[in-house]
Structures are given as C-alpha cells and as structure tokens.
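Please read them with the model open.

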Amino acid sequence: MSRDLVIKDLHISVQEKPIIKGLNLTVKQGEIHALMGPNGSGKSTLANGLMGHPLYDVDSGEVIFNGTDILELEPNERAKLGLFLAFQYPTAIPGVSLANFLRLAVSAVRTKETNGSGDDGLIPMREFRRELREKMKQLGIDDSFARRYLNDGFSGGEKKRAEILQLAMLEPQIAILDETDSGLDIDAIRVVGESVSQLIGPELGVLIITHYPRLLDYIRPQFVHILLDGTIVESGGWELAQMLEAEGYDPIREKHGVVEA
Amino acid sequence: MANSETNTIEELGINKEYEYGFHDDVKPTFKSRKGLDEEVINQMCDIKGEPDWMREYRLNAYRIFKQKPMTKWGGDLSQLDFDDIYYYVKASDRSERSWDDVPDDIKKTFDRLGIPEAERKFLAGVGAQYDSEVVYHNIVEELDKIGVVFLDTDTALKEHPDLVKKYFGTIIPSADNQFAALNSAVWSGGSFVYVPPGVKVEYPLQAYFRINSENMGQFERTLIIADEGSQVHYVEGCTAPTYSSESLHSAVVEIVCMKGSRVRYTTIQNWANNVYNLVTKRAFAYEDAQMEWVDGNLGSKLTMKYPSVYMMEPGARGDILSIAFASKGQHQDAGAKVYHCAPHTTSQITSKSISKDGGRSSYRGWVDVAKGAKGCKSHVVCDALILDKDSRSDTYPVIEIGENDTNIEHEARVSKIGEEQLFYLMSRGLSEEEASTMIINGFIEPLVKELPMEYAVEMNRLIQLQMEGSVG
C-alpha cells in the first residue's frame, strides 16, 4: 500500500477567513520536504488542518494518506494511520507523566499484532520501559524526563525534545514538524536537529515547516517549497533554501506579486 | 441480589449497571419502624444495652435536633423526609472478630467489593460497617500488643466506657448543627481508635462502609484519639447499592490530636446517586500536632462536608486535601475549615472539583485566625474543572482574621478541558474519551498520590467509569 501523503487543491479557513488557498503537495515515505514561508503565509494552519484540529475548517480539497481520504477522520484516527504532528506550542497536561501518556499513545497507534499487548490493550510495561529507555538514550534525554508531567514546566527546548521523543516512540510514516526550531537558541536547534536526523530513514517521510533555513543544516531536505499567501509558489531543491538564506522572502514576494502580510 | 442488579445509573451517563449496586439478601435481625421519636431511641438503647448516660445523651440530642430548623444553606434538602427513614437496622447479633465467623452472604458482599485479599495481606485491622452494625472487626495481635484500641464504637462503649465518655461529643457537640444533633441521637457503629503515647501505627487502619437497606439512614460515629507523640492513618472507603428512593448518610467524625501527634484520615466515597451525604468531621490539634484530612467525594445526590481542623496550641498544623466529582443530578458542596486558635499555627487547604453533565460542585471554605494568634500561616488553593457548559462550579470562601501578624493566601482557578489539550492527546492516537479521562486523572493526581495503592487504583477506575460513554 502506498504510504504517501497527497494533498490536492486544499482550502482551509480559520473563523471563516480563508488561509490555505488551493495547496498541492505530495510527501512520500522516505522523503524529506521543507515547506518555507514567512509569518502569516499559512504554515501552521496547514499543519493543524492536516492533523484535524477542530478549529481549522477544511472548505474543499482532498488529503489522501495511505490510500484513505483522512479529512473526515478524527485526529486519533489519523495518528493510527501513521501521521504525526510535532507541535509548535505543545500543551501541558499537569499530573500526567510523560511515560504514562506515551504508553497509552504507543498502545493506541500500534496494532495489537505488532505490540503484543495484553488484555488491557496496553503494551507490556517491561517492554515499553526498555524501548523508552533505549530511545531516550539515543536522543540524549535524561531518564528523569519520563517521570515529569507532560510539558508541564518544560523549557522551550525541553518541549521540542519531548516532541521528538514522541516521534521516535510512535514511529509514524509521515511526520509534520511545525516550526520545531521556533523559540530555540542555536545550541538547542542543533540538539533538536541532530535528534531528528537520527530518526530519518526509508520508513519516515518528513514535512518540515519552518520560517528560517537554520534547522535544515541538520536535516537536509530533498525538496524545498515556498509558501506565500496560502499556496506553494515555488518548488525546488536545496538551492531554493540557500537562495532564501541569502536574499530573504522579498524577491519571491515581488516575483509573485504578493504584498507582505 | 438479582433484582437490584438490573438497576442502572443513568444519572451517571454510564451505559451499564452500577458496578457496586448489588444488594445482598441479608436479613436484618432488627429494624426500627420508619421515622424517629423518643420511643425509637429508647428501643435502640435497650437492644444495644447502653449505659444511662448515653441514653440521656441521645435523648437530649434528639430534643436539640427537633428544635433545629431545616438547614437552608449549602445544598437543596427540601426533598429529604425525616419521617420516611429507618433509623436503626441491626444486621447480625454481634460483632465478629474472625473472618471465619462472618456469615457467608455478607462475605459475598465484601468479595464483590474486593476487600478480603487486600486487607489480609497488608492491613493491620478492619472494621467493616454492614448496615448499622459492625459485623466484622479484626484486630491483629500486634495492635493489641502495642495497646492500640481499634473497635467499632458500640463495642468500645462497652469495653472502654471511661475513654469513650471522656471524649465523646467534646469535639462536635450535639448542638453544633442539625445533622450532628441527628447523628448524636441515633448513631450506630463507626470506629473507635485510641493510640497510646509514642506509638506509631505502621499500617493504615481501615473500614469499609455500606448502606444496605433501602431508605435506611446510616449514622456512624467515629472517634479517634491520638495520644502524645503517636501516629496513625485511618482509611474509610464507601460504596453503596443503588435505590430508587432517597437515602440518608449522616456521620460524625471526631478526632483528638494530642501534643506532637500526627493523624491522617483518608476517605474515598462513592455513594449511589440517591444518597444525601451530610457529614460533620472535625479535629482538635494541640501543641505541634499535625492533622491531615484527605477527602475524595464521588456519587451521592447531595454531599455537604467540610472537614475542619482547630489548631488549639502553638505549632499545630492542619492540612486538608479534597476532591469532588459532580455528575448529572449531583451537587457536591464540599470544602474545608481551619481555625487558628493559637499563635504560630499553619494550615493548607487544597480543593479540587470536577463538574460534568450538569453536575454542580461548590467549594465552601472558612479560614479563621483568632485575635492574638500571631505568626499564623494559611494557604488555600481551589481548582475547579468544568467539563461542559451545563455544569457549574462555585466558590464560597470566608476569611476572618482577628490578627494583623498573619500570612493568608487564597488562590482560585476555574478551568475547562481545553480544546488544545484534547487535540494534543488525540493527535497522539488517544480517543476523545481516553484523552478526557487522562486530563481528569492528571487533575486529581495530587490526591491520588496520597492514597494507599489499592485506593489509588480504585479512584482511577471510578473516574474511568464516570467518563465511559459520556463523550462523543
């Protein structure tokens, strides 16, 4: 079965204001795409809309994932199909430890055959702990992290690392990283970038949504797209990201006649 | 028990039978007629073989009760009919000291509640109240050896009459309020605990309560005396069968924390949705003593309960942690009261409430600092979680300060389960119901982590039951 994420002529509005205006994009498993755009171009709207946030209204278009049109599906059903969103602003859930949350989430997204879960539908504790410890070690995350309440009192960098840990544990086919570099200093971007690059392989397709090309130094995309005013205006390779780094968004805006938002 | 097993608790929004809503065929050996007068009280005293002072105490309390007007504040008590209640039901002839002597059908009830294994393995003693009378009361040898008394209150009155007489009603007098007066007139069962000076009880002492006869009030009376430098943790958990007509539970709990002692009293209550749960709980804490109430309220039609601590001497400390869960047709009017009667006393109140499906929860709190009680500290935190627009939460805090040199803080927060929290958890594969349950379990985590393990497990299961089928 095809593990592609295919977006066709997608229109999304927020509070009846159109934000995404006819977007087309295909991300295949194993590919890395960067979607770059200035503030207000619709980057986060696309990310939230693809994951099924109730406040983002899809007006028309199709999103086919693993051969299924997912636009009518609840967010958890999209997750079970293998779609993942690393949030720009992860929400705190006080009183719920990262480990308890992850055990339930991992059990939910893996089918019963693959996780060997017991009657309670949960992946066995011992197996889960081993896997969690392994992945935390791989990503250089301290053991104490697992016992902390989910995103509660986390620093900006810790929140982003927790997102990447979830990505590692949930093993999706397609991951959307929504401005994972925002609010981080250069060192933190390096840590997060190196973590993500460890997870990249033929099983994972990645859509990196970002304003600045800096994160891309660690995760080199094969495809770069530029989002302006709700549509992709240019697609290309690494040279497009380099051009943005050198010249900023103004020449592109001028070329496509888009006024700064 | 087949008949009542078909009862469902639609009020909870749970599409299944109320798990603990079964009803055993235990034949009460004596049941008073409905309603209350001096004759019923005299009959009760005769059967119990109580001393004259207790008979007088009850009759006096009954006269006070009759004079008290119906309580108007708190919740709606207008449907409560005092004439339509049995005030005394005796389920078996005497208290049992060994498990083997407990009648089989009563054992069956406890089996369904999952009690025996847990208690045998790690609990020091069990007083389980079955209807009005304690039928099973086991005190392990170690408790006897170190001089700890753990009896049902009726037996304590026979075996330790002086000790009971010295403290009974001294913390909560009959005239304190309408329901304290009623309990003082008709009390039956409950636990009596005495811990000698310097003795630390290593395991929680626990009692399991149930109302088993329809329309039967349960009026247990608990008295705990922690002598100087002693330490004890008492745990009560309640489940009740479901019935169609109203039921009344009105307990009184009195606790004396002498110099340097430490007492924790933990309650998890899950009354059926027709029960009026009107309880008076109070502790006196003397020099450097510490009293902790941990109080979890689920179920019932109306709960009015405000555990209180009077800090009588310097260095005393009172901590109250309470959680209320109000679902459809339920009003949880819960809270806490602390009275700083001496200088350098400290209190902490943490109140958490959850309202769903039109349920209503109220926090009613009282912080009092007496004139001259210098250097007192009190910290109050109220968190309310409202799950839908039909539900309601109120806070009624009162703070009376007669002394300038004090430090009082009050924080109140009302929150809703945020769309962002739900979306975040659902984007990781959790269903809406799983996500809501997880958020609520996180919210009550500060209470759950204070509970003995099997209660923590039960609490999480009860929350899960409450949430099942209620979303979507």
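**Notes on pockets, a helix pair and a cavity**

1. The lining of the second largest pocket is made up of 14 nonpolar, six polar and ten charged residues. This is a predicted model, and the points that follow should be read with that in mind.

2. The second largest pocket holds about 550 Å³ of space. It is lined by 30 residues, and those closest to its centre are A:Pro54, B:Glu419, B:Leu422, B:Met426 and B:Glu432. Two or more lining residues come from each of β4 (56-65) and α2 (75-81) of chain A, and from α10 and α11 of chain B. Of these contributors, α10(B) gives the most, with four residues.

3. How do α10(B) and α11(B) sit against one another? The axes of helix α10 (residues 419-426) and helix α11 (residues 432-443), both of chain B, come within 9 Å and cross at roughly 120°. The pair is therefore classed as oblique. The crossing is right-handed.

4. On the α10(B) side of this contact are B:Gln421, B:Leu422, B:Leu425 and B:Met426. They meet B:Glu432, B:Ala435, B:Ser436, B:Met438 and B:Ile439 of α11(B). By class, the contact counts six nonpolar, two polar and one charged residues.

5. The largest pocket has a volume of about 1000 Å³. Its lining has 25 residues, with A:Leu104, B:Met438, B:Asn441, B:Asn460 and B:Gln464 closest to the centre.

6. Which elements supply at least two residues each to the lining of the largest pocket? They are α3 (98-109) of chain A and, from chain B, α11, α12 (445-448) and α13 (453-467). The largest share, six residues, comes from α11(B). The lining divides into nine nonpolar, eight polar and eight charged residues.

7. Fourteen residues line it, and B:Ser353, B:Cys382, B:Asp383, B:Ala384 and B:Thr395 lie nearest its centre.

8. The elements that give two or more residues to the lining of the second largest cavity are strands of chain B: β19 (346-355), β20 (360-369), β21 (376-386), β22 (392-401) and β23 (406-416). By class, this lining has five nonpolar, five polar and four charged residues.

Terms used
Residues are numbered from 1 along each chain as its sequence is written. Chains are lettered from A and ligands numbered from 1 in the order in which they are written. This is a predicted model: local features need pLDDT of at least 70, side-chain atom pairs count only at pLDDT 80 or more; totals for chains, interfaces and linings use all residues. Side-chain values use heavy atoms; hydrogens and water are left out. Axes are lines fitted to C-alpha atoms, for helices over the stretch in contact, and angles run from 0 to 180 degrees between N-to-C directions. Angles under 35 degrees count as roughly parallel, over 145 as roughly antiparallel, 65 to 115 as roughly perpendicular and the rest as oblique. A crossing is left-handed if the near helix is turned anticlockwise from the far one by less than a right angle, and right-handed if clockwise. Contact means heavy atoms within 4.5 Å. Ala, Val, Leu, Ile, Met, Phe, Trp, Tyr, Cys and Pro count as nonpolar, Asp, Glu, Lys and Arg as charged, and the others, Gly among them, as polar. On a 1 Å grid over the protein atoms alone, a cavity is a set of points where a 1.4 Å probe fits but cannot get out, and a pocket is an open set with protein on both sides within 12 Å along at least five of seven lines; lining residues have an atom within 4 Å of a point. Grid points are joined across faces, edges and corners, and a volume is the space filled by probe spheres set on the points.
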